[in-house]
Structures are given as structure tokens and as C-alpha cells.
Amino acid sequence: MFSCARHARSILLSSPTPRPTTCTPFASRLAHSSLIFSARLPRKATCADRTLSLRRRLKRSNFSLTRFSGLRTMGSLGPLDEPLRYPVVRRDESVVDDYHGVKVPDPYRWLEDPEAEETKEFVQQQVKLTESVLRQCDTRNKLREQITKLFDHPRYTAPFKRGNKYFYYHNTGLQAQDVLYVQDTLDGEPVVLLDPNGLSEDGTVSLSTLAVSEDAKYLAYGLSSSGSDWVTIKVMHVEDKRVESDTISWVKFSGISWTHDSKGFFYSRYPAPKEGENLDAGTETNLNLNNMVYYHILGTNQSEDILCWKDPDNPKHSFGAGITEDGKYLILDTSESCEPVNKVYYCDLHALPHGLEGYKGRQDLLPFVKLVDNFDAQYDVIANDDTLFTFLTNKNAPKYKLVRVDLKEPSVWTDVLPEAEKDVLESAVAVNVNQLIVSYLSDVKSVLQLRDLKTGSLLHPLPIDIGTVSEISARRKDSTIFIGFTSFLTPGIIYQCNLDGGSPDMTIFREIVVPGFDRAAFEVNQVFVHGNDGTQIPMFIVARKNLLKDGSHPCLLYAYGGFNISITPYFSVSRIVLVKNFDAIYCVANIRGGGEYGEEWHKAGSLSKKQNCFDDFISAAEFLVSSGYTQPTKLCIEGGSNGGLLIGACINQRPDLFGCALAHVGVMDMLRFHKFTIGHAWTSDFGCSDKEEEFHWLIKYSPLHNVRRPWEESSVKSSQYPSTILLTADHDDRVVPLHTLKFLATLQYVLCTSVEKSPQTNPIIGRIDCKAGHGAGRPTQKMMDEAADRYGFMAKVVGASWTD
């Protein structure tokens, strides 16, 4: 019901489809689909040899002022055919910040203003530079053709039931956005209910969230433009598809939850930015503060919505509100950051003397009762029988457990399903009245079980292959449930599980088939890499069968490592193309900072221990080289969001270990990230430069502040950074583009334009997309084009040859 999203699907060549929501507890569990990231951990002294001293770093970045006034020609560019001409970009040496007595220059501060003409000129010059490089990538068009061919297959999500109707998403193959269908029975004729593809000519308007009323009479749905996190909610009559005039604006990080009388719904929003209606929503960098919960009554103007909750004393707090399945209680979830902790308040809607309508026009908030009033753990509602509630929690249980409390005795909590010794309890869904479907993560692979809701006792294991349970679609009243499954070699299976009999009857409801893909030609292995402090780091390796380990293969290594997000096996068309057509190896390292082994694994890669993430990733790369899978010149590393930070830090710390780097929408300025949009929520994983101790953590690895010239650190005078693409988008209001722009300008200056006859011949470029955001809602064509660009670049610079 209020499940915790712990899986990031960053950089996937698939479009995340919004699921029906009752409550979306904000940022700490907003992963995202593609939540920015998460990270953690203290810096070890053993890593000191990888970074310059603070004084040397700052001195090295303090170069003389230049103007944004021309192009600097480099020499021959290694794998590329033409010399590269970098823009010479203005540096404002007058911008120097004082962090607790340490002077830190920020010469590209002006790039933080996306509306400045100088910033726009910088972007245009970088776009031209990047296109000149991509034109030299001879497999780019072949990649686009093959990715398009394989991506052109029907895709479905598991159906969900509301009232007497079933709803699901379907994409015929190359549609820009998935289409919402409705049918009266599972065997009935499906009818298009909402097709986002008709809402814009270029497919950049996406359906980001939805909720169907209990009687299936109304659909409330949220639309996002150009990939922005901002959402506008509209309402449709399901029967005749008539769209009401109701329009709810300035919604962000919110679910939609209907009251059971279908008169209205709860949502959360932020105040409108100062620019108001003139704003190109998603391009601004203002902090998101003063979140509020409202109730909207159908047929009324948003200005008349009932303010249910706000907390002006804590402007950084964010709220999610959802109705329990029995329709009686409104649960208020409060988060202060991305840390997996929250407060829980409740309001008995049946006890309101004049109902919700009685609060219309009043100034007082709803009479919430505090059940959990501190940020000591995470609590997600699983089910309730009147006042008796079952929660999923990490309270004294870093691998999570189920507990129960009676609202009449709020101080008495009892365990229902104790914490497992090794496996992480990822989710629990109440089904078939008094049963639970629970999903565990065991060494980064899903395990599914049917358990008794009252006692937590195991009833039946549910058979699934090695891979990931991607969705469980059912409510407590349902005896038929649907389970989504995927893996590195399984595009997707939707299982139908009937619980009417004595034992579960599990059959394939739908299977997603990719024409031309033969899974028998490939294999997946999981290895455990020995980290530099003895920690065992799991890593999946996807390759052709009978791979010869002679170091000759191109290799793509991906990781995330933050915010308690687990990267589990999933299918990716673009990466299968790499393995099939370039004889490449594709690897996913489950480094610390993620949620793969619970909260302790997460904390081991955040805050003062963040360096552990980079060390783990570097250890994984060294393993791939030493074991004969690849060699440094053929090893490409990739990550997005928090994973983009990972890539930025690792090319600074070990530029010799990689031949190519792809950093998507990364957090690159670790001293100022908290000053923009929702960045303040990430301090739970990173820390904050406003605090002296935490500043010293951050300055040691911040990508922007640790760019160095490898040839000055090595006896090998030809040492250089790997060929690198930094990727961002103009409407990314999660990790705003300024991170990428400032890091790009710094890399090009320190390594290229400030040096006569620089040894840096590997290209350093940026791909800056338009009408796109952090990743969610991106149209199919944009995803395929980007994949062809970045992997075409990879193939060119690591010397990969195309084979049919």
C-alpha cells in the first residue's frame, strides 16, 4: 500500500511507468524510479594517495582569467579522426568562498544561471563540439538501427483492479509514451483510456502518476512536461473519457489518494515559484521548500482546496498522505531528507463531525494524531484492521521486519515477521484478506513468499527464476495477484497467482518477447570482489557463453551506490546490443551505499564513509582487468545521478584505470548541491558543506574540486583522463544542469585549454539534451538516440568492432 521504492533503474532503455498510488512518501523513498541518489561513508586514510592535498588542489585550480572568446585546438585525439577544438571559457577568479577558513575558488559560478546569455552560449558551443565528435563514431547509426529494431516489441505492465475494472499500460513498441488501457474483465476487450502520445507532438508530455477512484468512476492523473518533476493533475470520467475542468498545479513528489466516496483526493504540493505562470517549469533552480498537503473536491477550483497539513517551522520537511484500504484513516508520512526514516500521523476521517467538507474555508488543519513523532526509523503501512496496524520498518532491524501496533495502545509494538539474518525484506503486500506476499532480497536476487498476515508464518514459497520482482499488483481484497519479473536475460514476465485454492496457482499471464534476442547465447554470473578493506562486493557479469578471458573484450561497468537503492537484475535492450554486436561484457557492481544488504550496507557508503563507494567500484574494475575480462583501455564506466557522482570521483582518483566514462546527470559540486531544488534532502547521504566536519568529507572527493593533471602525478608523461561524456538535460530539476556544466568547463580547462600541447588527447565532451529531465518520462526516441550516442562514443574510443 505505502511500499518503499528501493530500486533505481537509472539509464535503462525503458520507460518507467507510473503505478496507481494511494500515498507516495516523499524523497527518502522516492527512489526513484530515479530519485537522485544516495550515498554514504567515511573516508579512509588508505585512499589519501588518490587525491591531492586540499592546498595543492586549490592552488592548481587557481589559473589566470581567460575570456569565453574562441576555440583552442588540441593535437591528434587518439581514437578520433579529427583534432578537437575546445571553447575557451571565461573564468571569474573573483568568486572565492570561505568554508570554515578554507578559501575555495568557484570561477564558473556564472554557469549556475540557466537564463544567462553567456550560459546559453556555453551550452551551444558544447553542443557543436559534441556533435563534431559523435559524427566520427562510425557505429553510431548501426547502434541506433539495432536498438530500434530490438526495442520495437510489445510491452505491458501488470494489471491492477479498481471497482469492477482492470487497468494496465501497454506500448506497441516504439510509441513515445506508454498508453493506459481499461477493460471490464481480464478477458474483455481492452479500450484506450488515456494516450499521452496525443498530448504533445514530440512525445515529451508524460503520465507521471495516477489514481483511480474506489468505484472506478474517476481517473486522476499527473502530467509532466519535458521530464520535469513538476506535475499538473487532471481528472477524467472513466466511462466516457470526458476530462473535467479540475486542474491542480505545482505538484511535485506527490501521490494521489482518493477518499472512498469518490468526492475528491489528497495530494501534496509546493508554493508556486516566484516566476509563476511565466516560468518554463523544470529549468529553475530554486529550493523546494514548504511542502503542503491538500484535499481537492471534484468540480472546484484549486484555490478552494482544503489545506490539510503544513509545517512552516520545518520548511524542508515533505509530506505524503494516503487513505488506508478500509477508507477510514488518512496516514500522513513526514520525511526530512532521503534517509529511510519518517514520522507517522493519522486522522480518523470518520470522526470528523462535518466530514472533510466541514474544513472548507477554515484556517485550522486536520486533527492528526501523532503515532511516530521522531525520525528514528522508517515505517510503511502494510495493512490495518480498524485500529490494529501492520508496518514494514527498520526500527532496530537494518534488514527490515514487520511489526504491529494498536492505535489504542500506541506504545506497544510487537514483531510479526522478525528481521532475517541475511536477507533484506524489501516489500510486503496484504492480499487475499489475511495473507501477505513478501519479497526478500537475497544476495541481490529476489525471493518471493506467501505468508500469514496475522502470524507472519511461511505458507508457501513462490517459484521465480533468478532475477528481480519488479512489481506486485494486488490489494487486500484480491485473491488474484499479478507479479512482474525481469532479469538480465528476461525482458519481462507477468505472473498471475490465484490464491483461492489451498496452495498458490502461479501461471504466466503475459510474457514480453524481444524478436531477434536469443537468451541461450548469453550467460550471467555473479562474483564477489574482494574490496580493499576485505568487504565482499557482489557483481553481475553478462557476456556471451564460453567467453575467452584474454583481456581483449570491451567492457561496460555500471554502479550506483547510494540512498539505500538496490540495483538488481533487469533487462536492457541497449546493453544486450553491446554484448551481442560488440562482443562486449556488461557488469553491474553492487557497491556499498545501496540497499542490497540493508541499512548497514547503505550507511557503509554514506556521509564520512562515502569514499567506500569509490573504493568498491575501483576494486570491481581492477578485478575485471586482473581476471582477464578486459583491460583499462577497453573498460568503460557508467553511472547516473548519484552514480554520475561516482563516475566523476573515480575518473579523478584513478584516470589510469578506465578507457571511457559516461556520467549521466551527476552531482558534481558537492559544496553547493544543497542550494538547488530538492538538493537539501540529499544531505542525509552526503553531509553539508555548511558544517565544518562535513565540508572536509566533501572537499576530498567532490568531482568539481578534484580535477588534476595525471601526467603531473605519474612518471608516465602521457597519462591522461579517459575519454569522457558528461550527460545532462535542460529540464533536469532534480540534479540541475549546472553540476555538469561547471564540471565540464573545469575538466576542459585544467586538462586541455590551459596547457600547451596537452597530453590530454582523449575527448572530454558534454551531451546536453533539450526538453528532457532527470530521466523519467523521456520519450522512446530520445532514449534510443541517447543510447546510440553514448555507446557509439564508447565503441569508438575503446576500439570495439561491430559484428552482425
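Predicted model: local features only at pLDDT ≥ 70, side-chain atom pairs only at ≥ 80, totals over all residues.

Q: What makes up the secondary structure of the chain, and how much of the chain counts as buried?
A: The secondary structure comes to eleven helices and 43 strands. Of the 804 residues, 65% count as buried, a label that requires under 20% relative accessible area. The accessible surface of the chain comes to about 28200 Å², and carbon and sulfur atoms account for 49% of that surface.

Q: What share of the contacts in the chain between residues at least 6 apart in sequence joins residues at least 24 apart?
A: That share is 63%, where a contact means heavy atoms within 4.5 Å.

Q: Why are helices H3 and H11 called oblique to each other?
A: The axes of H3 (residues 140–151) and H11 (residues 780–798) cross at roughly 140° and come within 8 Å. Roughly antiparallel would need an angle over 145 degrees, and roughly perpendicular covers 65 to 115, so the pair is classed as oblique. The crossing of H3 and H11 is right-handed.

Q: What makes H6 roughly perpendicular to H7?
A: The axes of H6 (residues 611–626) and H7 (residues 642–653) come within 10 Å and cross at roughly 70°. Because the range for roughly perpendicular is 65 to 115 degrees, H6 is given that description relative to H7. The crossing of H6 and H7 is right-handed. On the H6 side the contact is made by Gln611, Cys613, Phe614, Phe617 and Ile618, and on the H7 side by Leu646, Ile647, Ala649, Cys650 and Gln653; this set divides into eight nonpolar, two polar and no charged residues.

Q: At what angle do H2 and H10 pack, and is their crossing left-handed or right-handed?
A: Helix H2 (residues 117–134) packs with H10 at an angle of about 65°, the two axes being 12 Å apart, and the crossing is left-handed. The contact joins Thr119, Phe122, Val123, Gln126 and Leu129 of H2 to Leu741, Leu744, Ala745 and Gln748 of H10, and its residues divide into six nonpolar, three polar and no charged.

Q: How do you know that helix H4 is largely enclosed by the rest of the structure?
A: Eight of the nine residues of H4 (residues 573–581) are buried, and the helix is therefore described as largely enclosed. The buried residues include Val573, Arg575, Leu578 and Asn581. H4 is followed by Asp583, whose phi is positive, near 55°.

Q: Why does Pro759 count as partly exposed?
A: Its relative accessibility is 22%; since buried means under 20% and exposed means over 50%, Pro759 counts as partly exposed. Pro759 is found in the loop between helix H10 (738–753) and strand E43 (764–769).

Q: Which residues is Pro759 in contact with, leaving aside its neighbours within four places in sequence?
A: Pro759 is in contact with Trp711, Lys717, Ser718, Ser719 and Gln720.

Key:
Residues numbered from 1 in each chain as written. Heavy atoms only, no water. Axes fitted to C-alpha atoms, helices over the stretch in contact; angles between N-to-C directions. Helix = DSSP H or I, 4+ residues; strand = E, 2+ residues; numbered from the N terminus. Parallel < 35°, antiparallel > 145°, perpendicular 65-115°, else oblique. Left-handed = near helix turned anticlockwise from the far one by under 90°. Buried < 20%, exposed > 50% of the residue type's maximum accessible area, 1.4 Å probe, protein only. Areas by Shrake-Rupley, 256 points an atom, 1.4 Å probe, with all protein chains shown as cover. Nonpolar A, V, L, I, M, F, W, Y, C, P; charged D, E, K, R; others polar.
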